[in-house]
Amino acid sequence: MRYQFLFISLLLASVTWATEVKSPNGNIVLNFTIEDGRPTYTLSYKGKEVVRPSHLGLELARDKHASMGMNERDLMDGFTLVKEETSTFDETWQPVWGETRDIRNHYAEYAAVLQQQWLSAPPAQDGQQLQPRRHQRTMLIRFRVYDDGIGFRYEFPQQADLNYFLIKDERTEFAMAGDHTAWWLPGDYDTQEQETQETKLSEIRSRMHDAVNWGNSSVAVFSPTGVQTSLQMKSQAIDIDGEKRNLYINIHEAACADYATMHLELVDAQTKALSTKLEGSSNAYTPNPGPSAYPLPKPFTFVSHLTPDATGLKGAMQTPCKTPWRTIIVSDDARDMLSSNLILNLNEPCALDDTSWIHPTKYCGVWWEMIVGRGSWHYTNDFPSIKLDQIDWSKVKPNGTHKANNENVKRYIDFAAKNGLDQVLVEGWNVGWEDWANMWKRDVFDFQTPYPDFDIQMLNDYAHSKGVKLLMHHETSSSTQNYERHLEKAFQLMNKYGYDAVKTGYVGDIIPRGDHHYSQSMNNHYLYVVKEAAKHHIMVNAHEATRPTGLCRTYPNLVGNESARGTEYEAFGGSRPDHTCILPFTRLQGGPMDYTPGIFVTRLNTWSNNTSWARITIAGSLALYLTMYSPLQMAADLPENYEQFDDAFQFIRDVACDWDESIYLEAEPADYITVARKAKGTDNWFIGGKCDENGHQSVIRLDFLDKGRKYECTIYADAKDAHYETNPQAYTIKKRTVKKGDVLKINEAPGGGFAISLICTPTENRTRN
Ligand code: NOJ
Ligand code: CA
């Protein structure tokens, strides 16, 4: 049945008032208004424009599954403001693990209660005109205005005219005030494992094709100007506080739960319409979204673009419900981008009653040798494919390259025990690796049956006898129904043998077929696994899952994610030296990354046939344990490689992975990052500095040390002639005693860095400042 919408004429009048909301220190100012019935906001920082007038809204699908069916109406226009709510909030909370012991959550809140009203007149039936029906809908837009940015979200109370609805796309706009420099990844529904591009906004389109990692196991690129969040930008220098300064602007999201991951599509001078095209090999049959019916915003405006599921729709909602927070972090000091807690603050407090079993973890693993290609995850080469229930593994011929074998695993356990590492990851321990990847095979693993040469009882007993745990591996091959079917038993098995952490993985196209890695249904899957794991006191580190949005505040057993291009790519052609100077500004905004640092032997052909090489010096590798914050840190290289450089490995033995305090001393995206961190529950500090291919001179004032105390300072630095390409293993280790106020000057080589430990010497009658 076709309905006509008759707008109540009152609502069409354009409204000129605006509400202004200031952050606690007044630096950030949000303006909200209704412009021709469309919710609109602007944002400024110290009086400078950050976001120009930008519309807010969602297009909804006319679909039989929506309560209003084919009569569904968009949440885009025809709004009036019926109520405003303002409040302030100031609370300090303690994360279970983190960069600091205390986090202050201080903001001004503003909620706009909006109403849409219209009359729908059904067409005449049997010559009789039916009475028009009056519809009324309420939607809230809630803003939180912090000193370092804002978060806002849409909220949908339960109501007769907004019950079940389907999102065609969210149309949140972010109109930028200039042609900023941006550090971006191609917008993709299935992978985040690309090198970051650095271009002006106006150059995104021309760079896009070369920016895509077309060879990745899943690629679904949605637009020639589509980028991922977290997106870091930098404005041209402008006058701020009487000086020429740049604005650093970051767009991301917080608390993405039961909702699709957001991308951004840039409207540039060439944009004729928002994209409806999908390129790449991953689940390429996904229906394209229909064109948007609304006028295009001005060039330099980003428009939100959600990840669809197999239907091509972006979300199936039931009120009451809400979207994730859309976040904009802004400052004229790049260091503030890294110390911001805005995204964590916008997440809900911890949902777990007991968190005593969650702990920071340093681990090594039977992993790098397979990634590099010297060993295999699979056990036999005898079958073209396997069916899990049809193989008697005790009769199968081993291939001789399977690395998750008793002897090799024991070697890693011994290495971990000797060096104070907590856990040993073992990949390839379970049956199914013979034909695991990208076959769209549903029953690919059972997560319970070890290969015959992996004695699960013996190896766990052996590890425990040495004070070490094994770290479980569940590669799902993206067969999510299969994983959910086996999950309970898989976690029971972990509990039985004493595992308390699992690394999961989602390589290849998603099954159920047609779905995408970052869709609403997949985001629900990842969170389901985290919640089920918590019931079993298991910590989760998910690879290839969606990029984090601070959910680790609510579920602190989510101790890590990959969700970007990790160290594995050093074995797949390498990553640029500035890669790790960008990730903290982008990928790490939403939560820690299992980057798996620590490669000491960077030329892989010295111990394998792999001709790839890691673009980093040894001192630079040490720095990553500080600059890439994570409560889960791997020492990824082989034990025999570390044994060649045992004096440098001492830093990995010593460094903490949980902190009372963190101070970003120097930072510039893609150039350098220097951070000092105070180890949790101690008076010891660690400092790390990492730079790009140009090298960096770091000047560190030890102002943050306790007055009147002495510290044993060990400096692991690049040697004078060190270079990530020609001389990566040249480092110096110097020791001296330091005190508050001393200054350290350290030279970072191209692609290098440094690491410092400051161990507090016991003193009596010390004076604290
Ligand atoms: C990709 C992960 O990132 C990597 O760490 C893992 O070894 C492989 N998948 C196999 O699961
Ligand atoms: Ca990966």
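Colleague: Which strands form the open sheet of six, and in what order?
Modeller: The order is β32-β33-β34-β39-β36-β37, with antiparallel pairing (pairs need at least two DSSP bridges; strands are DSSP E runs of at least two residues, helices H or I runs of at least four, numbered from the N terminus). This is a predicted model, where local features need pLDDT of at least 70 and side-chain atom pairs pLDDT 80 or more, while totals for chains, interfaces and linings use all residues. Residues count from 1 along each chain as written, chains are lettered from A and ligands numbered from 1 in written order, and side-chain values use heavy atoms, without hydrogens or water.

Colleague: And which are the edge strands?
Modeller: β32 (659-668) and β37 (731-738), each of which pairs on one side only. From one strand to the next, the twist averages 15° (axes are lines fitted to C-alpha atoms, for helices over the stretch in contact, with angles of 0 to 180 degrees between N-to-C directions).

Colleague: How many bridges join β34 to β39?
Modeller: Six, between residues 685-691 of β34 and 753-760 of β39, and the two strands run antiparallel. Trp685 has Leu758 of β39 as its bridge partner.

Colleague: What does helix α10 lie across?
Modeller: Helix α10 (residues 618-627) lies across β32, β33 (672-679), β34, β36 (711-718), β37 and β39, at about 120° to β34. Helix α12 (residues 646-654) lies across β34, β36, β37 and β39, and runs at about 125° to β36.

Colleague: At what angle do α10 and α12 pack?
Modeller: About 5°, with the axes 10 Å apart. That makes α10 roughly parallel to α12 (an angle under 35 degrees). On the α10 side the contact (heavy atoms within 4.5 Å) is made by Ile618, Leu622, Tyr625 and Leu626. Ala648, Phe651 and Ile652 make it on the α12 side.

Colleague: Other sheet. What is the order of the seven strands?
Modeller: β30-β29-β28-β27-β26-β25-β31, an open sheet with parallel pairing. β30 and β31 (632-634) are at the edges with a single partner strand each, so one side of each has no neighbour in the sheet. On average, neighbouring strands are turned by 25° against each other, direction ignored.

Colleague: How many bridges pair β25 and β26?
Modeller: Four, in the parallel sense, and β25 covers residues 361-366. Tyr363 stands opposite Gln423 of β26.

Colleague: Are Glu193 and Glu544 buried or exposed?
Modeller: Both Glu193 and Glu544 are buried (under 20% relative accessible area, with exposed over 50% and partly exposed in between; 1.4 Å probe, protein chains only).

Colleague: Last one: where does Pro452 lie?
Modeller: In the loop between β26 (423-426) and α6 (456-465). Pro452 is partly exposed, at 42% relative accessible area. Leaving out residues up to four places away in sequence, Pro452 touches Tyr379 and Trp393. The C-alpha atoms of Pro452 and Ser394 are separated by 6.2 Å, though the two are 58 residues apart along the chain.

Definitions and conventions. Parallel < 35°, antiparallel > 145°, perpendicular 65-115°, else oblique.
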